[in-house]
Amino acid sequence: MDQRQKELAARIAGRRGAVRGPFRVWLHSPEMCERAESLGAFARFDCSLPKHLRELALLMAARNWDAQYSWNAHVHQAIEAGVPEAAVKAIAEKREAVFEDAADRAFHRFCREILEEHFVSDDTFAAALAHFGARGLVDTIGALGNFTMLGMCLNAFQVDLQADKEPPFPDVRGYGRVIPGADGARP
């Protein structure tokens with residue numbers, strides 16, 4: 001690493017404990033790395049959303065992009081922050097997640113629609129706006145965008161899948177799709 005990369009790596013390690021996952025890739029472009037780390041830190045630690053919703057957004061984007069590393073790194077944090085374990089399992093299996101809390105339901109629906117449909121219905125937008133305000137929705141889109149970029153990076157560069165972790169998605173093994181129940185054979 002050159003001096004700039006070393007400085008960034010030290011700063012990332014200081015804030016995040018180590019340089020792992022996507023940062024090992026992003027360091028190849030120090031300016032990109034610095035900006036991605038800044039946005040990621042805001043989305044993960046400083047935006048207006050409560051922690052459990054930041055973690056839920058991360059899991060939803062990770063599943064949308066089949067980013068297993070990201071999922072594995074955050075699934076326990078999401079549950080510890082208050083995302084219901086049954087909802088986490090449903091998201092992993094691409095089933096409808098159920099949330100008792102109205103704000104959590106509105107948030108999940110907003111995220112699901114923008115990730116899957118690329119649009120948000122007027123009713124969904126109004127419900128999410130009522131719970132989170134304009135700032136909360138802007139922060140949500142920023143977080144989802146950051147977590148989407150993260151998933152794309154992890155998959156494109158095939159960042160290590162944690163060997164000690166069970167594959168989280170029934171339809172993905174390694175960096176490819178499988179037919180569930182077909183002994184891991186690719187379609």
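Trainee: Let's start with Leu-8. Which residues does Leu-8 touch, leaving out residues up to four places away in sequence?

Mentor: Leu-8 touches Leu-27, Pro-30, Cys-33 and Glu-34. Keep in mind that this is a predicted model.

Trainee: Noted. Where does Leu-8 lie?

Mentor: Leu-8 lies in helix α1, which covers residues 3-16.

Trainee: Is Leu-8 buried or exposed?

Mentor: Buried. Leu-8 has a relative accessibility of 1%, so it falls in the buried class.

Trainee: Back to Pro-30. How many residues apart are Leu-8 and Pro-30 in sequence, and what is the distance in space?

Mentor: They are 22 residues apart in sequence. From C-alpha to C-alpha, the two are 7.4 Å apart in space.

Trainee: Cys-33 was on that list of contacts too. Is Cys-33 buried or exposed?

Mentor: Cys-33 is buried, because its relative accessibility is 0%.

Trainee: What is a disulfide, anyway?

Mentor: It is a covalent bond between the sulfur atoms of two cysteines.

Trainee: How many disulfides does the count come to here?

Mentor: The count comes to zero disulfides.

Trainee: New topic. How many helices and strands does the protein chain have?

Mentor: Eight helices and two strands. Along the sequence the pattern runs α-α-α-α-α-α-α-α-β-β. The radius of gyration is 17 Å, close to the 16 Å that the globule rule gives for 187 residues, so the protein chain is as compact as a globular protein of that length.

Trainee: What does the C-alpha trace span along its principal axes?

Mentor: About 50 × 45 × 30 Å.

Trainee: And what share of the residues is buried?

Mentor: Buried residues make up 45% of the 187.

Trainee: What about contacts between residues 24 or more positions apart?

Mentor: Those account for 58% of the contacts with a separation of 6 or more.

Trainee: Now the surface. What does the accessible surface come to?

Mentor: About 10000 Å² for the protein chain. Carbon and sulfur atoms hold 54% of that.

Trainee: Then what is phi of His-118?

Mentor: About 75°, a positive value, although His-118 is not a glycine. His-118 lies in the loop between α7 (102-116) and α8 (122-156). With 56% relative accessibility, His-118 counts as exposed.

Trainee: And what about phi of Gln-158?

Mentor: Gln-158 has a positive phi too, near 45°, and is a residue other than glycine. Its place is in the loop between α8 and β1 (172-173).

Trainee: Staying in that loop, is Asp-164 buried or exposed?

Mentor: Asp-164 sits in the loop between α8 and β1. It is exposed, at 67% relative accessibility. Its C-alpha is 9.9 Å from that of Asn-72, and the two are 92 residues apart along the chain.

Trainee: And Asp-171, buried or exposed?

Mentor: Asp-171 is also found in the loop between α8 and β1. But Asp-171 counts as buried, at 14% relative accessibility.

Note on methods: Residues numbered from 1 in each chain as written. Predicted model: local features only at pLDDT ≥ 70, side-chain atom pairs only at ≥ 80, totals over all residues. Heavy atoms only, no water. Helix = DSSP H or I, 4+ residues; strand = E, 2+ residues; numbered from the N terminus. Rg over C-alpha atoms; globule rule 2.2 N^0.38 Å. Buried < 20%, exposed > 50% of the residue type's maximum accessible area, 1.4 Å probe, protein only. Contact = heavy atoms within 4.5 Å. Areas by Shrake-Rupley, 256 points an atom, 1.4 Å probe, with all protein chains shown as cover. Disulfide = S-S within 2.5 Å.
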